[in-house]
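Biologist: I should like to learn how to read the features of a structure one at a time. Could we take the general idea before each case?

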Amino acid sequence: MINPIASKYNNEQRLLHGGDYNPDQWLNYPEILADDIELMQKAHTNTFSVSIFAWSALESTEGNFHFDWLDKIIENIAKIDGNVILATPSGARPAWLSASYPEVLRVNARRERMLHGGRHNHCFSSPVYREKVEIINTKLAERYGNYPSLLMWHISNEYGGECHCPLCQENFRNWLKVKYGDINTLNHAYWSAFWSHTYNDFSQVESPSPIGESGLHGLTLDWKRFVSDQTINFYRHEIAPLRKITPNIPITTNFMGEVTNPHPFAGLDYAKFAKEVDIISWDAYPRWHNDYETTEFLASKLAFLNDYFRTLKDIPFLVLESTPSMVNWHPVNKAKRPGMHMLSSMACIAHGSDSMMYFQWRKSRGSSEKLHGAVVDHDNSAENRVFKDVAAVGQALEKIPEIKGSKTPAKVAVLYDVENLWALSDAQGYHGGMDYNDKKYPQTLHAHYRAFWKRDIPIDVVTKDKNLTKYDLVIAPMLYMTSEETMEKLAVYVEGGGRLVSTYMLGVANENDLVHLGGFPQKLRDVFGIRIVETDTLYPKDRNAIMWGGKQYEAFDYCAIIETCGARTLGTYADDFYSRTPAVTMNGYGEGFAHFIGARTNEDFLDDFYNIFIEKLGLSCSLISAQDGVSVQMRENGENIYYFAMNFTEKGRQMTLETEMQDMLSGKMLQSGIYDMKPYGVHIFKNNKLKGC
């Protein structure tokens, strides 16, 4: 692991602007490749991810390598003072590899060997695939490691998926042997006596399957953990020659996020994966202008994911893919309206990105992504609207290079745990069946997050391995799977003076998804001063209410029925057999306080509830205020605070500056006062930190 702050990447003073460049698709069109270099300059771009899916162009048949074309591409980018993020091509293997070595193809959960095609259809356990990847990666590192324009390594592309082949089954069993030691310990962890599914030997264990075992939740949970660990293991194998040959070139791989729900890609544990990369990067594709939510609401979901990826390593991250116009895989692929590309780009920069990169630089001529948005359209023109929007973003980024490397001063954190999401998805109780979205864990985290985002208060989205002591407030909703280690960590945080908020579904199961014997765990009883007795699951049309602070708030989906054992009751239920029983509580524990919210509510309750924390803890610190729909986010370095004022509405809005500030995009100094903002308008202000709050 290298320190990216001390690496070659740190010497690049510009914010990165560019995208995925696939010249291997255009090798028979030299005039197109020549146009690209000219258009890159007109678009004010400076960085390009190259050779992501170029394996067949680099190695046309086994051992027959071709690098001359890539030499020219990299040299031409260097001539315009551009950077190259060079990719390893393992994300899609060539046909000769599948034909010669069928073992590299994945086997699905129904135990069917997949055919050649698509991408990410390779077995992470396959020794042959690992050997071939090592060969091509070694040659890339040896050939390009000393190129001055090589900024970073881009490993594969959007790692994901799983394989159930015999090789993976054997690796899974070995993984289980290391974890449990003996089969009896595994049987206890899986509660395998259920349905008489007790194992006599590790050789009998198979991965979950729709035609086999699917009822042992501990098995399903361990399989997801294994898939994540095996993917990371493969990644480590991929980067080994790069680390050896180019130790000073930082490494990234593009993570994914589902903005709609919102949550990071649920197939991998990114908290673990983040420890293996030098710089976090992710691919951001929000569905702007959809017909089911406001632009402002979608912007807060994008912000939630940006803050998650920023917090993984507590340094700025990169947006490695986005679209300058539209995608080709949403249910409806709507074009960005005028102004949205600038706004959506700066929304990522505001939350910690040091780049705005696109998929893709030039639209493909054929195949599945030929209609996916790109900087250069099929007309090959610099005069169309999308190209001009991209150039405008490039010009804006050239005005704010000093923001690169600055951080976000968050004192509030929301806890996101992907293993908790996995366990909840299996829990055949509460609402729905086995799905990531039926119990709305990510959506609930986002609802709590929004209470601060709407008030322009910086907030981190943290994983359970993070140090919590630097936060004034930690929010951990729906923490269904709560290990002894996690309970102790939360207790230490509160005891040391922190404020903790949690909700219904807290403390149901341990790390193996076995429910805690004795009901609500004693450690949580001590911290929260309550005992959860039951959880009432409501039908979609059912409603209860919480009486709190002299007001009544709607409660729906879930109502935890609790007894206090030391906690102070702040709010009660209004209806049903548990009316007038505690619904909102507060408990002093050590130097801090733990708060519990028993029911799912609308935003009005969360806004009012968290407003008390905001005022008591002095969390609001912005020198800019604005009307609803305008988000004001900040980044800071040792000298300055940078404020991003962004109008996520289709109407004009107003903002108020409390002090004189420089508008970095216009270069003007603006006095304190009220200013108009255009629909989708963006302003970036610089304020001396000594004059800030």
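This is a predicted model: local features need pLDDT of at least 70, side-chain atom pairs count only at pLDDT 80 or more; totals for chains, interfaces and linings use all residues.

Biologist: How is a pair of aromatic rings described, and how many aromatic pairs does the structure hold?

Modeller: A pair of aromatic rings is described by the distance between the centres and the angle between the planes. The structure holds 49 aromatic pairs. One of them joins Tyr235 and Phe273, whose ring centres are 5.0 Å apart with 75° between the planes, an edge-to-face pair. The pair links distant parts of the chain, since Tyr235 is in helix 8 (residues 217–245) and Phe273 is in helix 9 (residues 270–274), 38 residues apart. Both Tyr235 and Phe273 are buried.

Biologist: Why is the pair of Trp548 and Tyr553 called tilted?

Modeller: The planes of Trp548 and Tyr553 stand at 50°, with the ring centres 6.0 Å apart, so the pair is tilted. An angle under 30 degrees would count as stacked and one over 60 as edge-to-face. Trp548 has a relative accessible area of 11% and is buried; Tyr553, at 3%, counts as buried.

Biologist: Which charged residues lie over aromatic rings, and at what distance from the ring centre?

Modeller: Over the ring of Phe124 sits the charged end of Arg106, 5.1 Å from the centre. Arg362 lies over the face of Trp26, at 5.7 Å from the ring centre.

Biologist: Let us turn to helices. What is the general idea for residues along an α-helix?

Modeller: An α-helix has 3.6 residues a turn, so residues three or four places apart point the same way. Helix 8 has 29 residues and at 1.5 Å a residue should span 42 Å; the C-alpha atoms at its ends are 43 Å apart, which agrees.

Biologist: Where in helix 8 does a kink lie?

Modeller: The kink, of about 40°, lies at Ile239, shortly before the proline Pro241. As for burial, helix 8 is mostly covered, with 21 of its 29 residues buried.

Biologist: How many residues of helix 11 are buried?

Modeller: In helix 11 (residues 340–350), ten of the eleven residues are buried, and the helix is mostly covered. Among the buried residues are Met340, His341, Leu343 and Cys348. Just after helix 11, Gly352 takes a positive phi of about 120°.

Biologist: How many salt bridges does a search of the whole structure find?

Modeller: The search finds 39 salt bridges. In one of them Arg225 joins Glu419, and the closest N and O atoms are 3.0 Å apart. This pair links distant parts of the chain: Arg225 is in helix 8 and Glu419 is in helix 13 (residues 418–426), 194 residues apart. Arg225 is buried, with a relative accessible area of 8%, and Glu419 counts as buried at 9%.

Biologist: Which residues are linked with Arg225 and Glu419 in a network of salt bridges?

Modeller: The network also takes in Lys179, Asp222, Asp417 and Lys464.

Biologist: Which helices hold Glu603 and Arg450?

Modeller: The side chains of Glu603 and Arg450 meet in a salt bridge of 2.6 Å, N to O. Glu603 is in helix 17 (residues 603–617) and Arg450 in helix 14 (residues 441–453), 153 residues apart. Glu603 counts as partly exposed at 27% relative accessibility, whereas Arg450 is buried at 3%.

Modeller: Lys551 and Asp608 also meet in a salt bridge, at 3.1 Å, N to O. Lys551 lies in strand 19 (residues 551–564) and Asp608 in helix 17, so the pair ties together parts that are 57 residues apart in sequence. Lys551 counts as partly exposed at 43% relative accessibility, and Asp608 counts as partly exposed at 27%.

Biologist: What is the general idea for phi and for peptide bonds?

Modeller: Most residues other than glycine have a negative phi, and most peptide bonds are trans. Here the peptide bond from Asn261 to Pro262 is cis, with omega near -10°. Pro262 is in the loop between strand 8 (254–258) and strand 9 (263–264). The bond from Phe359 to Gln360 is cis, with omega near 15°.

Biologist: Are Trp191 and Trp195 buried or exposed?

Modeller: Trp191 is exposed, with a relative accessible area of 54%, and Trp195 counts as exposed at 60%. Trp191 has a positive phi of about 50°, and Trp195 has one of about 60°. Trp191 is found in the loop between helix 7 (183–190) and helix 8, and Trp195 lies in the loop between helix 7 and helix 8.

How values were computed
Residues are numbered from 1 along each chain as its sequence is written. Side-chain values use heavy atoms; hydrogens and water are left out. Rings of Phe, Tyr and Trp (its six-membered ring) pair if their centres lie within 6.5 Å; planes under 30 degrees apart count as stacked, over 60 as edge-to-face and the rest as tilted. Helices (H or I, at least four residues) and strands (E, at least two) are DSSP runs, numbered from the N terminus. Buried means under 20% relative accessible area, exposed over 50%, partly exposed in between (1.4 Å probe, protein chains only). A charge sits over a ring if NZ of Lys or CZ of Arg is within 6 Å of the ring centre and within 35 degrees of the ring normal. The expected span of a helix is 1.5 Å times one less than its number of residues. The bend at a residue is the angle between axes fitted to the seven residues ending there and the seven starting there. A salt bridge is a side-chain nitrogen of Lys or Arg within 4 Å of a carboxyl oxygen of Asp or Glu.
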